[in-house]
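Morning, everyone. I have one structure for you today, and I'll keep it short. Have a look first.

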Amino acid sequence: LAVETIDPLRSPMLAEQYAITTENGTVVLEQGDRKQRLESDFSESAFIAALVRLGSGDTHAVCWTTGHGEAGSDDDYEARGMGAIVVKLEHHNYSVVERTVVTSGLDAACDAVVVAGPTVDWMPREREALAAYVAGGGRALVMLEPGATPELAREMARYGFDVRDDLALDVAPWFLMA
């Protein structure tokens, strides 16, 4: 185990190479070409978990659906973009693969499926592909905007969810409260 402390002001090239942008510190654990990052929790359990992930070599595939106006898995610029979430997943041994369900389907190669706010409804055979995937033990995270995809929203009843065109607004968000 080799430990190296880098001051981003004195070594800006290294700070850029390791994508160190926070003022609170970043720990980067490396083994060969694999890396694990700690950016907020520097506890003993966080270090141990990161070392286990680094040494395990196991990666998990998250299949990110495309083709229906979903939020982009590599989009860091748009308000709907989910690129920052994907970066966090990749730091925890997940690989994100975009999938167009109508052409590629869903299979056991996907450890989980993410449907990130589609704006166009899924076709019946795509909904059946999702149902078969879940019935086979697959995991899915389906994020829907109210009223955007009524057929896919109705399909969620198959899994025990009653999706309605409801909307909850917090008129006094906690971060604005004194």
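One term before we start: buried means under 20% relative accessible area. And a caution: this is a predicted model.

Let's begin with the overall layout. The chain has 6 helices and 6 strands. Read from the N terminus, the order is α-β-β-α-β-α-β-α-β-α-β-α. The radius of gyration is 20 Å, while the globule rule gives 16 Å for 178 residues, so the chain is more spread out than a compact globule. Along the principal axes, the C-alpha atoms fill a box of roughly 55 × 45 × 30 Å.

Now the contacts. Take pairs at least 6 apart in sequence: 54% of those contacts join residues at least 24 apart.

Next, the cysteines. How many disulfides are there? The count is 1. Cys63 is joined to Cys110, with 2.0 Å from S to S. The torsion about that S-S bond is about -90°, so the disulfide is left-handed. What does the bond tie together? Cys63 sits in strand 3, residues 60-65. Cys110 sits in the loop between helix 4 (101-104) and strand 5 (112-116). So the pair links parts 47 residues apart in sequence.

Are these two cysteines buried or exposed? Cys63 has a relative accessible area of 2%, so with the cut-off at 20% it is buried. Cys110 comes to 4%, and is buried too. Across the chain, 30% of the 178 residues are buried.

Last, the surface. The accessible area is about 11900 Å², and 55% of that belongs to carbon and sulfur atoms. On charge, there are 14 positive and 29 negative, and their mean positions are 4 Å apart.

Conventions:
Residues are numbered from 1 along each chain as its sequence is written. This is a predicted model: local features need pLDDT of at least 70, side-chain atom pairs count only at pLDDT 80 or more; totals for chains, interfaces and linings use all residues. Side-chain values use heavy atoms; hydrogens and water are left out. A disulfide is a pair of cysteine sulfur atoms within 2.5 Å. Helices (H or I, at least four residues) and strands (E, at least two) are DSSP runs, numbered from the N terminus. Buried means under 20% relative accessible area, exposed over 50%, partly exposed in between (1.4 Å probe, protein chains only). The radius of gyration is taken over C-alpha atoms; the globule rule is 2.2 Å times the number of residues to the power 0.38. Contact means heavy atoms within 4.5 Å. Accessible areas come from the Shrake-Rupley method with a 1.4 Å probe; for residues, only the protein chains shown count as cover. Lys and Arg count as positive and Asp and Glu as negative; His and the chain ends are not counted. The place of a charge is taken as NZ of Lys, CZ of Arg, CG of Asp or CD of Glu.
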